[in-house]
Amino acid sequence: MGVVASPLLGPLTEAHAVVGPGVTVVAAAGSDTTQGLMSLLQQQGYGTTATPFYNIPANYVLAGVGSVTVPGQNNSSCGDDTTWTADPLAPASNTAATEGVSPFGSTAGKKYLFAEDSGTGPNANTANGGTTASGTDYGCVNVARSSSAPGSLTGSSTDKAGFEYYAYALDAVSWASSSTRAPATLTQAQLLSIYNCNVTDWSQVGGAPGPIQRYFPQVGSGTRSFFATDILGQASNYAPPTGISGCPDAVLVEENEGQQVKATDTDSAIMPYSAAVWDLQQSNSINPSLDRRVNTVGALQILHGITTAATPAVTAVPVHWNGSNHDYELDSTTQVVESNVKVNLAAGATPVFPGIRYVYNILDSALTANNNYAAASSLFGFDNSSAGATAKSPMCSNTGASNNQQIAIGSIQSAGFASLNTTGNFNGSNVSGATCRLLKPTP
């Protein structure tokens, strides 16, 4: 197909030279689920000389750097340059939107855009060239990475009416465990019983006798909220109960980080896991700094399956071995398909197989003057209209006709995700035949 992004991420390097006058920088931040994919875009030089792209990490260990500097030319309200570092409160919580403190997780990325849209944007970091410290600092984040879908605007603190969710790939969420006692699959009801402490031993769900230790993603994680709603059937703000006798409190860790399982929990741990990220990590199994599935005693988090309650029941792990490519990949022929994305279904409808989701880049159309909306849209959006056939970014028209299109499709596939076709058009989300879908928050 031409240029294909390497699956070996390595340290995040700045693919573009220092920018000059007239250059409009586009910067993304938020979800750590799609951090690797977007880092591949930057490493491959996605963008143009006039519109370079920079990816602000959530996970700096995975990025292989201690900080990232994003040039700010032609974006005076952000300042000349912004140096971003890890959120010191993560993973337990998030710092309020502040220039220079990297948004950690999908929710934090959305909240940064929200603050920019609120009329009192994140406080400027004057040490990095910000024009003011009074809270009129806009445009430092142009794209919010998200693994969670749009919500309702009623009472929302994360979505604005101008938010545009551009779905560009498919992922699947299941559960993982390093325990030799765990069964091959669990039903959704069994998973909820485990996380609600009604089940505390593997033998109660078809495994060998042994205690279960719950692990759960950090607050603000898109994978956390998606697992809660689409796997456990609970509200998006669900938290595993605490203080229950005979059921140790859940351990909160950064999402998709099997290495954080304590050595003493090797044979008891269970955790939600993105199948695409698991796939990317196993592709980098020769590099222990990138394969985050293995803990300090070498125990591997194995991706397990889900058995549905439908008739007939479907039992599946969302990844399968591709003998031609000699690699694991998402099972995009059966389970990982758009018809199983819950957001596409009528209210109350149940997908044939749970846990399938879009991943998104979010733009804010209300910030046209100060947030480089047009430049961001040229890299990550499309015109969702019958007249918009030619107004598609390379990400949303990743056919391989141009170098940027090749980078887009190569990065999606190399990062373990499944790309979208041009024909899907659920609820009018793709009128112009793009390889993206446009979703918006509900009123």
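Q: Which residues lie nearest the centre of the largest cavity?
A: This is a predicted model. Asp32, Leu62, Val277, Leu280 and Gln281 lie nearest the centre, out of 19 lining residues.

Q: Which helices supply at least two residues of that lining?
A: Helix H1 (35-43) and helix H6 (275-283) each do.

Q: How do the lining residues of the largest cavity divide?
A: Eight are nonpolar, seven polar and four charged. The space inside the largest cavity is about 190 Å³.

Q: And what volume has the second largest cavity?
A: About 70 Å³. It is lined by 12 residues, with Val70, Pro71, Cys78, Gly139 and Cys140 closest to the centre. Strand E3 (68-71) and strand E4 (81-84) each give two or more residues to this lining. The lining of the second largest cavity has seven nonpolar residues, five polar and no charged.

Q: Switching to rings. How many aromatic pairs are there?
A: There are 13. One of them joins tyrosine 46 and phenylalanine 380, at 5.6 Å centre to centre with 45° between the planes, a tilted pair.

Q: Where in the chain are tyrosine 46 and phenylalanine 380?
A: Tyrosine 46 is in the loop between H1 and strand E2 (53-55), and phenylalanine 380 is in helix H7 (residues 373-380), 334 residues apart.

Q: Buried or exposed, those two?
A: Both tyrosine 46 and phenylalanine 380 are buried.

Q: Why is the pair of tyrosine 195 and phenylalanine 216 tilted?
A: Because the planes of tyrosine 195 and phenylalanine 216 are at 55°, with the ring centres 5.3 Å apart.

Technical notes: Residues are numbered from 1 along each chain as its sequence is written. This is a predicted model: local features need pLDDT of at least 70, side-chain atom pairs count only at pLDDT 80 or more; totals for chains, interfaces and linings use all residues. Side-chain values use heavy atoms; hydrogens and water are left out. On a 1 Å grid over the protein atoms alone, a cavity is a set of points where a 1.4 Å probe fits but cannot get out, and a pocket is an open set with protein on both sides within 12 Å along at least five of seven lines; lining residues have an atom within 4 Å of a point. Grid points are joined across faces, edges and corners, and a volume is the space filled by probe spheres set on the points. Helices (H or I, at least four residues) and strands (E, at least two) are DSSP runs, numbered from the N terminus. Ala, Val, Leu, Ile, Met, Phe, Trp, Tyr, Cys and Pro count as nonpolar, Asp, Glu, Lys and Arg as charged, and the others, Gly among them, as polar. Rings of Phe, Tyr and Trp (its six-membered ring) pair if their centres lie within 6.5 Å; planes under 30 degrees apart count as stacked, over 60 as edge-to-face and the rest as tilted. Buried means under 20% relative accessible area, exposed over 50%, partly exposed in between (1.4 Å probe, protein chains only).
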